[in-house]
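Hi,

Here is the structure I promised to pass on.

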Amino acid sequence: MTLFGKKIPIFFSLVIWFIVWELIGQAKLSTIIPPFSRVVVAGITILPTEKFSTAASISLRSFAIGMAFALVTGIPIGVMMARVESLSKILGMWVNIFVSAPISALVPILMAVVGIGETTVVVTVLLFAVFVIILDTQVGIKQADKSLVEMARSFGARRYQIYTKVLLLSALPEILAGVRLGAIRGVKGVVIGQLLIAILGVGELFELYSKHFLMEEFWALVIIVFMFAFTVSEAIASLERYVEYYASTR
Amino acid sequence: MMPAEAIVEARGVGKTYDGGVEALKDVSLALSRGRLNTLLGPSGCGKTTLLKIIAGLIPPSRGEVWVKGKKVDGPGPERAFVFQDFALLPWANVLRNVAFGLELRGMPKEQRDDLARKQIAEAGLSGFESSYPHQLSGGMRQRVGLARALAVDADIILMDEPFASVDEQTRRKFQEELLDLLRHKQKTVIFVTHSIEEATYLSDQIVLLSPRPGTVSKIIHPNIERGGRNPDEIRRDKNYLDVVDEIWQILKHYVV
């Protein structure tokens, strides 16, 4: 972004929005929007509390387990769908429906099936994340250079070597893009899952704050969750940039 | 030239692709050990298909291919392929690319890196071991592709229009290096090209293929006296010019 011919850093636009927020808050237009400065103070006070750290660790654990399942199932399914035509015909439509379907609507059904607890949240994370990972992996493997596969075969590569030494590495940029999008959706999955269950982790806190109209704490938590999602996404994105550097001539 | 022992034999090879396109029809030929054999023909005559059938990358629909007295049913360690589009791993440096054939065979890293370094040096690529393919010119990439094929020490090198995507100077330099290579190592080369001059200049035996479906139209032994003469002299040689003309007289009927 440039202003008056000078380059200004991107966070500057955030600063402008924070000022606008502060002004609206100070003007007391709505009780839903407290001044930004008070939200920051609330954030600083809730961070060290035991209630927050317990909630955060439960949420992180659900996120990590759900994402791990999403990776372990999503990548192999994506690879197989790219390589086996009939499998892609059977599963392709479902993956495409679920990647755009409102998974949140399924959470109440999940609660009925797997009970109200951490498992439901883990499954929600899995469902939020897995389909985009499948889809991107499939695209990556499909776009892999056919002549590299032929080359590997000509040098006597075994079937597993074609996967580990050619196809997966070739598809790595797409797979990472899928994992990044999956992780962002996964964060949504944790929050939505826990909100709907309302007795666990960050979701419980959200429920508590909104019920008691603690808007400063509520917004502080929103910002913390957003920052977490952003950090995860940026970490994967930097890995992607590194991979794209050496895969730049595919 | 005395007919040398056949190292590769095709017997009645035919190939029909899914969808009914007949690429090759009843191709029978014998390719000699330690010689440079060229498959020459217009585009779409199935010469690359034939090469890939010999390589074991494509199964023939009919007939069979025998290499060193064994029937081909897939790729084998006695054959190495050089690709027209180089087929280098973009995420691997030159050293790892050259060693890739050995890596697939499970050779320990130190041993295969040593062998690869030797091939890289012979290919004139010393100093580029840790460069990535996208940092190299087309000519250098093809040297990497050739070094990779030589590193596995196969008897037979299969080359699919290897010089098609490099410039003319590099192409001629490669041709000299290829002839040099054959003088020093007892390799059999099967070379696909659509260039009459290149085929005549390089080959001990030229297999001329007719267009779709590809069949053997004629087999020519150029018999060009090379001993000590420079490339320009050879290209003015009467024998050379006669062979070029003979092939052209046949090929021009295929040009529509």
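A word on naming before anything else: helices (H or I, at least four residues) and strands (E, at least two) are DSSP runs, numbered from the N terminus. With that in hand, the elements of chain A read β-β-α-α-α-α-α-α-α-α-α-α-α from the N terminus on. That gives chain A 11 helices and 2 strands. Do keep in mind that this is a predicted model.

Chain A overall

Taken along the principal axes, the C-alpha atoms of chain A fill a box of roughly 70 × 60 × 30 Å. Chain A has 250 residues, and 36% of them are buried. I also looked at contacts in chain A between residues at least 6 apart in sequence: 73% of these join residues at least 24 apart.

Helices in chain A

Take helix α2 of chain A, residues 36-46, where the buried residues are Phe36(A), Val39(A), Ala42(A) and Ile46(A). Those four cover an arc of only 115° around the axis, so they sit on the same side of α2(A).

Then there is a helix pair to look at. Helix α5 (residues 107-114) of chain A packs against helix α6 (residues 118-143) of chain A at an angle of about 135°, and their axes are 9 Å apart. Angles over 145 degrees would count as roughly antiparallel and 65 to 115 as roughly perpendicular, and α5(A) and α6(A) are therefore oblique to each other. The crossing of α5(A) past α6(A) is right-handed. On the α5(A) side the contact is made by Val107(A), Leu110(A), Met111(A) and Val114(A), while α6(A) brings in Thr119(A), Thr120(A), Val123(A) and Thr124(A).

The sheet in chain B

Over in chain B, 4 strands form an open sheet in the order β2-β1-β4-β5, with antiparallel pairing. At the edges are β2 (22-32) and β5 of chain B, each of which pairs on one side only.

Going into the sheet, strand β1 (residues 6-16) of chain B runs antiparallel to strand β4 (residues 62-67) of chain B, and 5 bridges join them.

Is Arg148(B) buried or exposed? Arg148(B) lies in helix α5 (residues 138-151) of chain B. The cut-off for buried is 20 or more other C-beta atoms within 10 Å; Arg148(B) has 30, so it is buried. Leaving aside neighbours within four places in sequence, Arg148(B) is in contact with Asn97(B), Val98(B), Phe100(B) and Gly101(B). As for Pro75(B), it is 73 residues from Arg148(B) along the chain, and the C-alpha atoms of the two are separated by 16 Å.

That's everything from my side for now.

Cheers

How values were computed
Residues are numbered from 1 along each chain as its sequence is written. Chains are lettered from A and ligands numbered from 1 in the order in which they are written. This is a predicted model: local features need pLDDT of at least 70, side-chain atom pairs count only at pLDDT 80 or more; totals for chains, interfaces and linings use all residues. A residue is buried if 20 or more other C-beta atoms lie within 10 Å of its own, exposed if 12 or fewer, and partly exposed in between; C-beta atoms are placed from the backbone. The arc is that of the directions from the helix axis to the C-beta atoms. Two strands pair if DSSP finds at least two bridges between them. Axes are lines fitted to C-alpha atoms, for helices over the stretch in contact, and angles run from 0 to 180 degrees between N-to-C directions. Angles under 35 degrees count as roughly parallel, over 145 as roughly antiparallel, 65 to 115 as roughly perpendicular and the rest as oblique. A crossing is left-handed if the near helix is turned anticlockwise from the far one by less than a right angle, and right-handed if clockwise. Two residues are in contact if their C-beta atoms, placed from the backbone, lie within 7 Å.
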